[in-house]
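Please look over the sequence and the model below.

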Amino acid sequence: MAKKRPQTKAKRPQLTDGEIPVVGAREPCPCGSGRRYKACHGRAAAHAVTELVQRPFEGLPGECDWVALRELVPAATVQLTLREGLPEGVPSVTLATVLPMAWPALRRDDGSVLIGLQNDTASGDISRDLADTLQRALQAEPGTPVQGRRAPADGPRLQDVLDLQAPFEPVVHTGFEFWVPDAENATPEVAASLERANAAAIPTVRLQGVEAAYWCRTPEKNHLRWVMPHPEEQLLDALARLHAAGRSSLGEGTRLVGSFRAHGLTVPVWDLPSEMGAQDVEKPAAEFAERLAEALAAEAPLTADERRARGGLTNRQVTLS
């Protein structure tokens with residue numbers, strides 16, 4: 001066997017991570033190490049892109065509502081407050097569930113910015129991708145959309161650019177008229193596009209008495225989908241205690257049917273009768289919140305019935321992200 005060539009001690013040109021260009025995976029790394037790019041700086045770059053952040057909205061005001069608007073709500077907007085204030089020429093920044101043509105962002109003719117939340121992201125950190133989109137939208141020419149791209153691995157996240165003391169107050173809309181400044185006088189083409197989008201939107205209402213709970217109507221029945229901030233295992237135990245005791249419903253004809261798992265949070269789901277509207281579920285939801293608080297505080301081990309109830313809830317859990 002040939003002897004391994006001793007590594008040279010000669011000095012090679014040193015580049016910082018930010019200066020290293022992306023090259024082919026099998027090409028020599030531009031840093032001068034002599035290794036292929038995929039085995040050198042490419043490894044860190046790939047890891048940064050693919051590593052999934054389980055709770056991308058953690059630390060933001062209204063984390064539960066961020067998750068709901070990302071995964072559950074068809075049409076909603078929120079006014080965002082930037083940590084450093086609005087740049088000159090930008091009268092407002094608005095988060096929207098979705099934008100026309102699924103644009104990541106849009107700088108309107110008046111300079112205002114719309115950011116789309118329900119978009120595919122290039123990395124495993126939605127927060128970083130959205131912050132990158134926001135920064136580029138603030139600098140875009142008025143009247144132009146902002147396209148998606150891979151955010152720099154060391155770029156800021158939403159937690160770095162938004163004012164974390166400002167409230168997060170979603171406004172749920174019946175349709176997508178917020179896309180255009182003057183929907184009533186829109187062109188026939190725009191009006192037709194809005195009509196199609198509105199027809200596909202599921203009627204949704206955000207409850208007022210509890211946080212991040214959204215009623216929606218479907219052709220067969222209505223639902224309540226409630227994004228909760230509690231640790232998953234603790235929440236499932238609490239729901240199992242209530243379910244086993246026959247206290248997990250929201251009234252006659254309602255049923256806790258399971259839950260979603262989305263962006264690190266758990267979203268219990270109830271089936272509701274088709275005649276039960278959003279106003280009808282306000283009081284039962286507030287009463288359930290009180291029962292849930294008691295169950296969350298319980299420390300006794302689950303009983304056999306509660307363990308069976310927990311197993312049923314876990315088996316009906318669906319992961320959205």
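Gln159 is buried, with a relative accessible area of 10%. Buried means under 20% relative accessible area, exposed means over 50%, and partly exposed lies in between (1.4 Å probe, protein chains only). Gln159 is found in helix H4. Helices (H or I, at least four residues) and strands (E, at least two) are DSSP runs, numbered from the N terminus. Leaving out residues up to four places away in sequence, Gln159 touches Pro56, Phe57, Glu58, Leu60, Arg83, Ser127 and Leu164. Contact means heavy atoms within 4.5 Å. Pro56 is 103 residues from Gln159 along the chain, and their C-alpha atoms are separated by 9.4 Å.

This is a predicted model: local features need pLDDT of at least 70, side-chain atom pairs count only at pLDDT 80 or more, and totals for chains, interfaces and linings use all residues. Residues are numbered from 1 along each chain as its sequence is written, and side-chain values use heavy atoms, with hydrogens and water left out.

**The chain as a whole**

The protein chain has eight helices and twelve strands. Buried residues make up 45% of its 321 residues. Take the contacts between residues at least 6 apart in sequence: 60% of them join residues at least 24 apart.

| Helix | Residues in helix | Expected span | Span in the model |
|---|---|---|---|
| H3 | 14 residues | 20 Å | 20 Å |

H3 reaches close to its expected span.

Gly246 follows H6, and its phi is positive, near 70°.

**Nonpolar cores**

A nonpolar core is a set of buried Ala, Val, Leu, Ile, Met, Phe, Trp, Tyr and Cys residues joined through side-chain atoms within 4.5 Å. The largest such core has 41 residues, of which Trp66, Val93, Ile115, Leu134, Leu162 and Val227 touch the most other members. At least two residues of this core come from each of several elements, including helix H2 (63–71), strand S1 (76–79) and strand S2 (93–96). H3 gives the largest share, six residues. Domain 1 (63–200) and domain 2 (204–319) each supply at least three residues of this core. Those domain bounds come from an automatic or database domain assignment.

Trp66 touches Phe57, Leu60, Pro61, Leu80, Leu95, Leu117, Leu130, Leu158, Leu162 and Phe168, not counting residues up to four places away in sequence. Another core lies apart from the largest one. It has 24 residues, among them Leu239, Leu256, Trp270 and Leu272.

On a 1 Å grid over the protein atoms alone, a cavity is a set of points where a 1.4 Å probe fits but cannot get out, and a pocket is an open set with protein on both sides within 12 Å along at least five of seven lines; lining residues have an atom within 4 Å of a point. A volume is the space filled by probe spheres set on the points, which are joined across faces, edges and corners.

The whole structure holds two cavities of 30 Å³ or more. The largest cavity has about 90 Å³ of space. Its lining includes Leu60, Pro61, Trp66, Leu162 and Phe168.

The second largest pocket has a volume of about 270 Å³. It is lined by 15 residues, and Pro100, Leu106, Trp179, Val180 and Pro181 are the closest to its centre. S3 and helix H5 (188–200) give two or more residues to this lining.

**Two loop residues**

Ala102 is found in the loop between S2 and S3. Its phi is near 55°, a positive value in a residue other than glycine. Ala102 counts as partly exposed, at 43% relative accessibility. His263 is found in the loop between S10 and S11. Phi of His263 is also positive, near 50°. At 6% relative accessibility, His263 counts as buried.

Technical notes: Expected span 1.5 Å × (residues − 1).
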